[in-house]
Structure formats: structure tokens, C-alpha cells
Amino acid sequence: MGEVQVVEMPVPVWSHVCRLDDLALPYALPERATECLDLGPGWTRTWTVTWKTGKSEVIVPVKDLSAGPAMASVPVRRFSWRTGQRHRPGLECLVTTGRQHGFESLAERWLLLVLDFVGGFDEVLSQPFRRFSSSQGKGSHIPDFLVLAAGASWLVDVRPGGLIGEEDEVRFAAAAQAAAAAGWRYMVVTGWRRQVLAGIDALSVRRRPMADPLGLERQLLTAVGQRPGRFAELVDQTQVPAVARTHAVHLLWRRRMAVDLTLPFGDATWVYPAGGRDG
């Protein structure tokens, strides 16, 4: 008899409860990167971080990083556009903050979109600060984003895994140490779990506030609460299915209904009440 192959099913990612670390593919920093850093006694006082407020710079030691002028700061590096550049910068408007945020690449733009979906933060700062020191001398690194939240804040870098070199690893390790000293979490996002971006992108077309004079959202929530069903079947139970489709997408973005983000999103997607599949 031949061997029986066991196919491991992917773990579902429920849209109404997922967080950043449920969706992203993080980079595992090697120990050798941290060993290059000067982390001797008192390093949090000798390492400095430079914020920019208006046209002035504010330099603080890492031990005071969390008390820095974050909310009064501006990006320490300008977002530039020029002919022939290989990266694509731009501005992404987040519903969560109600304003535009700069990004330097499409990979960074995806991070902003995912953050807008998972929510739970107070502010996102692009290119927040720079500077670190290592055992090989002083260096410089500008993290891509600082995500401030009442709970756990995140310092985030975005880089495809295949583009990370040894010097990048040292810079990322330094950022991780500085974040830990400030009580923040740190992550290098190299990509996303399968299907996640396609699903969130599809839901994002209805992320802005919508009027509901026909009461279709109430009808949708009542229907899915009585019995989960496929997306097309759910909207067909309303008085105006063509209009209800847009409201169903809006409710999914607002996390008032749930889908498994690891599966393609479409008419055949199963939709559940929020909280109905996570115990």
C-alpha cells in the first residue's frame, strides 16, 4: 500500500477579528544582525533618534523615544517624484484617520490599506524618525511607518524578502531594539498571506461612509444572523439586491459580517455573522 499523504488545510483568517500580524508575512531577523549592534550598558542613552517638527529637528535618546514629539512630527524624508525612478510613491487616504498618508512604494501602499482595514490605531506616521549606532560605527535608518495605538503600537518596515541584504538586516535589528526600548512591537513586512490583499482590496471600494435610506444593511444583518450563506444568496434576500451588494461589501469592510480572507472573494463566498466563526 502506498503512503497516505495528509494535506494540511490553511488556517482561516476571519475578516472581523484579524490583526496586522495575522495577515502579514514577517521577516525573521537572524541573530548575527543583532550581534553587530552596540548594545552595551547604557546603550539606550547613547543611541539617539531624530524627529522632525516643521523645519526643526528634535534629537532624543532611545530611552525617551516613546515620549518624543510624535504627534507634532513630519516625515524626516520627503516623498519625491522624478522621471525614471524605480519606485512609485504616492498618498493614500485612510478612513481611520481621515487624512492622507505618504508611501514610497506600492508595497507600502498595501500596508496602509491593510492598516485601514484592521483599524484599532490612533495615528500612522510615515518616515517617522532616523538614526542608530552599531559596533561598526554610526549608521542611519528611517523606518517606514510608526503605527500609534492605545494598546500595542507598531514600528514597521516594508521590504520584499528577496531584496533584504545583510546591511538591511542590521538596520532592521537596530529598529527592533529601539522599538522594544520604547515598548513598541516591530515587524518587517515582506508580503501577505495568500488571497488577503485581493480580498481586502475588493472590500475597500466601499470603505467610506454610506447612506442607507432603504434599510438594506439591517436586512443583510438579519439574514446572515439567521443563517450564514453565500454572498449572492445573501443579497438576494433583500428588497433591492443590486443596491444591497454595495452595502454588503461595506458591512464586511466595517467588520459587521465575516468572511475567510484566505479564500477568493466573490458571489460564492460564504458570509457569516461577526463573531459566528471564532468562538
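## Helix packing around α9

Helix α6 (residues 196-204) packs with α9 at an angle of about 120°, their axes 8 Å apart. The model is predicted, with local features needing pLDDT of at least 70, side-chain atom pairs counting only at pLDDT 80 or more, and totals for chains, interfaces and linings using all residues. Residues are numbered from 1 along each chain as its sequence is written, and side-chain values use heavy atoms, leaving out hydrogens and water.

Helices are DSSP runs (H or I, at least four residues), numbered from the N terminus. Axes are lines fitted to C-alpha atoms over the stretch in contact, with angles from 0 to 180 degrees between N-to-C directions.

**Exercise 1.** Classify the orientation of α6 and α9, and list the residues that meet.

*Step 1.* Angles under 35 degrees count as roughly parallel, over 145 as roughly antiparallel, 65 to 115 as roughly perpendicular and the rest as oblique. The pair α6 and α9 is therefore oblique.

*Step 2.* Ile-200, Ala-202, Leu-203 and Ser-204 of α6 meet Val-249, Leu-252 and Trp-253 of α9 (contact: heavy atoms within 4.5 Å).

**Exercise 2.** Describe how α7 packs with α9, and identify the residues in contact.

*Step 1.* Helix α7 (residues 216-226) and helix α9 (residues 241-253) pack at about 70°, with axes 9 Å apart. That makes α7 roughly perpendicular to α9.

*Step 2.* On α7 the contact involves Leu-216, Glu-217, Leu-220 and Leu-221. On α9 the contact involves Val-243, Ala-244, His-247, Ala-248, His-250 and Leu-251.

Notes:
Helix = DSSP H or I, 4+ residues; strand = E, 2+ residues; numbered from the N terminus.
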